Amino acid sequence: HLGHLGRHLEELSALERANLFADTWALVLAGRCPLSAFLDIAAALGHDSEPTIFATVAGALGLCDRAAAEDARQPLATATRALLGPRAAALGWEPATGEGERIPNLRSVLLAALGTIGKDDSVREQAATRFDAAQRGGLPLDANLESAVLAVVADQLRPGDYDTFFSRYQSAATPQEEHRYLSALSAFPDIELAERTFELALHKIRTQDAPYLIIGLLTNRVAGAAVFERLADHWDEALERFPVNSHSRMLQGVRTMCGDTAGARRITEFVSTHPIRSGQRSVDQAIERLWINVAFVERERDGLGETLGRVAGVRGS
């Protein structure tokens with residue numbers, strides 16, 4: 001059934017295609033549809049221009065990134081480039097005249113995933129080149145692409161970039177720029193830098209912004225577990241410092257911490273024994289989502305490299 005739909009995606013409206021991808025991914029998460037079937041229809045996307053569809057695909061690849069053991073990391077990167085690379089190449093980096101208001105968002109989704117999960121050399125090089133030129137006083141980064149560029153640059157862990165991000169946050173010309181650089185501080189895949197960012201959140205960053213920075217740190221695949229332990233150690237201090245209505249939001253990042261089942265148990269136990277005054281229901285929902293993701297990881301991890309390895313062949317057929 002899905003295979004048939006995948007061969008006729010162009011006959012569906014944009015809304016029908018978006019619903020198809022969202023529903024199919026929901027079935028995968030529920031364990032009622034194989035991941036391979038979702039990837040097969042993703043491989044049939046061609047030159048679709050609906051950002052929400054590619055965002056669903058990028059989100060699925062992001063969860064695979066949590067599930068991937070070391071031997072599956074290269075197949076994951078290759079599959080990401082196969083699924084997203086052709087559309088990104090067709091769009092290019094520069095806006096085209098009359099391209100429509102949704103295309104900049106699509107371009108950002110594609111380049112961010114390609115440069116991080118996909119480890120696409122050309123995207124990583126282009127992001128770094130544009131970032132460096134902007135720091136030297138050249139062309140400023142396109143506001144529609146800035147978050148994607150910062151994510152890709154952070155993922156490369158180049159010496160000095162973290163300090164540059166922090167300096168740009170401090171001297172930002174607009175609230176939007178300030179928010180982008182602050183958020184990007186949480187993206188560096190390094191435990192030491194993440195712990196440094198956590199200390200900033202706890203002591204230096206404005207209290208209304210800091211909880212959102214902690215969300216980003218918790219979603220950091222490399223450093224999330226270490227950050228959670230720091231948060232647990234400083235729990236009372238964090239609750240006292242941050243606004244009450246932000247406590248539940250701060251914990252939303254735990255939804256993605258599904259790569260280690262024992263770690264997920266630790267998080268669940270801590271949250272259950274440290275209830276918060278406001279928003280506990282949304283925290284409970286985050287824990288529920290965490291365990292849905294854990295179940296996905298446990299189902300898919302052993303065969304993930306093989307499942308992803310089929311994608312390039314499907315995409316090229």
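Reply: A residue is called buried when its relative accessible area is under 20%, exposed when it is over 50%, and partly exposed in between, using a 1.4 Å probe and protein chains only. This is a predicted model, in which local features need pLDDT of at least 70 and side-chain atom pairs count only at pLDDT 80 or more, while totals for chains, interfaces and linings use all residues. Residues are numbered from 1 along each chain as its sequence is written, and side-chain values use heavy atoms, with hydrogens and water left out.

Rings of Phe, Tyr and Trp (its six-membered ring) pair if their centres lie within 6.5 Å, and planes under 30 degrees apart count as stacked, over 60 as edge-to-face and the rest as tilted. By this rule there are 10 aromatic pairs. In one of them, the ring centres of Phe 21 and Phe 38 are 6.0 Å apart and the planes stand at 80°, so this pair is edge-to-face. Because Phe 21 belongs to helix 2 (residues 14–29) and Phe 38 to helix 3 (residues 35–42), the pair ties together parts that are 17 residues apart in sequence; helices here are DSSP runs (H or I, at least four residues), numbered from the N terminus. Phe 21 is buried, with a relative accessible area of 0%, and Phe 38 is buried with a value of 0%.

The rings of Trp 235 and Phe 270 have centres 5.2 Å apart and planes at 90°, so they also form an edge-to-face pair. This pair links distant parts of the chain, with Trp 235 in helix 14 (residues 235–241) and Phe 270 in helix 16 (residues 261–273), 35 residues apart. Trp 235 counts as buried at 5% relative accessibility, and Phe 270 counts as buried at 7%.

Technical notes
Helix = DSSP H or I, 4+ residues; strand = E, 2+ residues; numbered from the N terminus.
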